[in-house]
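Subject: Structure for your review

Dear colleague,

Please find below the structure I am handing over to you.

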Amino acid sequence: MKSVDAHLADILAAVGPLPPRPLPLGSAHGCVLAADLHATTALPGFDNSAMDGYALHAADVAGAGPDHPVTLPVTGDIPAAPGTPAPVAPGTAVRIMTGAPLPPGADTVVQIEWTDGRMDQVTVARAPVPGQNIRRAGEDVAVGDLVLPAGRLLGAAQIGLLAALNVAAPTVHPRPRVAVLSTGSELVEVGGTLGPGQIVDSNSHAVAAAAREAGARVRRLAGVPDSPDAFAALLGDVRTDTDAVITTGGVSVGAFDVVKQVLAAAGTVRFERLAMRPGMPQGFGVLDGVPVFTLPGNPVSALVSFELFVRPALRRMRGLASVHRPTLVVTTAQPVRAAAGRRSYLRVRLADGGEGRPPVAHLTGGQGAHQLSALAAADALLIVPADGGEVPAGRELTALLLDDEVTAAGRLGGALPADRRRVEVGG
Ligand code: AMP
Ligand code: MG
């Protein structure tokens, strides 16, 4: 049997970041920047007011105080609007709004709260520091600054910065377009009526959701019957405009294991037995340049295989440097055992282990490869080494966090010493 690590290494060696292209900001959100981005414009673009108030010469109000206020005539009004303001003469003030361009001559903005707020003349009761309340051109970003390096994941703040810099279409690695195909003549689309021997197709929904969570754009093609011709035809169709194909079912040793029948003949997809549970039968290959992941049909096997092999591959295709789920050292709440010769991934929920102690992993239910409810209740996969035999309660093992990284760190982080907080965030 092939090891999980060897299979993952083969997959990661066969996929790389998708070719970069410019995408509008809405589509670039969640993508990884493909090249260093240097500012071609400054931020702010011009000197402007940080407050609603009065632009003036600081020297004119240098002696102002509560007992000896200074009154200046107000000669204009500058809104945050297009246009070039007229200069402010010494001995006068101009009313100015936040974000409005600073008029020539003025060296200070006195906020409205320090004045009587009038429009014909203004009385200032407090002396400002020269330069007060002025946002200088380029103080945030100067022309030529490296603002976002290649490899940076574009979240809300990065998208905002790109827009502020007037970059409409940054060059990014696009999200992989993924086709999800479930196979099985027994499958019925969710919401349908089940006859004898039929089950609802859950894999295509689960794997599509997992692929979306991994950042892919997903097309779901459900319930391909176990007919080699039907499967081959559909596979031919989906490969256009697709960066990866994920199938479920039909890779075992059954009489109607159609995925294996069709793709083994093509010669580029290898079907192997992996030293893992769940998910022993697996296939992977690159067909006409498109990676094809053929996952086993049992619902827990399909999703665990997705976690271990497909998610890292999709993240690599997105150009992310960090492709793996975070892991934590945990202790077992009850005795557990690996399947003989196979590394097991048990469905567990982590509880706070108390101050300075690792979280405690509780099995969430039946560990059969068909028992989806235990996976749905889990927030981690407990990794039980193949050679571990029976592992008693209270033993330290590693768990793969399935939860949102930040949530898990927040929930369990307080109880963890810093060296156990091995949590990768973001890119
Ligand atoms: P297979 O790998 O095709 O032999 O399927 C293994 C087990 O998983 C069988 O019990 C199937 O009925 C079940 N199964 C296969 N595909 C799906 C699916 N899309 N949704 C739910 N269960 C499935
Ligand atoms: Mg089947």
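Two strands are taken to pair if DSSP finds at least two bridges between them. On that basis, Leu 346 stands opposite Leu 382 in strand E26. Please note that this is a predicted model.

Strand E26 and its partners

Strand E24 (residues 343–351) pairs with E26 in the antiparallel sense, over 5 bridges. E26 is also paired with strand E28 (residues 396–401), again in the antiparallel sense, over 4 bridges; here Ile 383 is the residue opposite Thr 398 in E28.

In a regular strand the side chains alternate between the two faces of the sheet. In E26, Ala 380, Leu 382 and Val 384 point one way, while Leu 381 and Ile 383 point the other way, and all are buried. Buried here means under 20% relative accessible area. Since 5 of the 5 residues of E26 (residues 380–384) are buried, the strand is largely enclosed by the rest of the structure.

The six-stranded sheet

An open sheet is formed by 6 strands in the order E16-E13-E17-E21-E20-E18, with mixed pairing. Its edge strands are E16 (217–224) and E18 (269–273), each of which pairs on one side only. On average, and with direction ignored, neighbouring strands of this sheet are turned by 15° against each other.

Helix H7 (residues 299–317) lies across strand E13 (177–183), strand E17 (244–248), E20 and E21, and runs at about 165° to E21.

The helix pair H5 and H6

Two packed helices are described by the angle between their axes and the distance between the axes. For helix H5 (residues 228–238) and helix H6 (residues 258–266), the angle is about 60° and the axes are 9 Å apart. The two helices are therefore oblique to each other, and H5 passes H6 in a right-handed crossing.

On the H5 side, the contact is made by Pro 228, Phe 231, Ala 232 and Leu 235. H6 contributes Val 258, Val 259, Gln 261, Val 262 and Leu 263. The residues of this contact divide into 8 nonpolar, 1 polar and no charged.

Yours sincerely

Terms used. Residues are numbered from 1 along each chain as its sequence is written. Chains are lettered from A and ligands numbered from 1 in the order in which they are written. This is a predicted model: local features need pLDDT of at least 70, side-chain atom pairs count only at pLDDT 80 or more; totals for chains, interfaces and linings use all residues. Side-chain values use heavy atoms; hydrogens and water are left out. Axes are lines fitted to C-alpha atoms, for helices over the stretch in contact, and angles run from 0 to 180 degrees between N-to-C directions. Angles under 35 degrees count as roughly parallel, over 145 as roughly antiparallel, 65 to 115 as roughly perpendicular and the rest as oblique. A crossing is left-handed if the near helix is turned anticlockwise from the far one by less than a right angle, and right-handed if clockwise. Contact means heavy atoms within 4.5 Å. Ala, Val, Leu, Ile, Met, Phe, Trp, Tyr, Cys and Pro count as nonpolar, Asp, Glu, Lys and Arg as charged, and the others, Gly among them, as polar. Buried means under 20% relative accessible area, exposed over 50%, partly exposed in between (1.4 Å probe, protein chains only).
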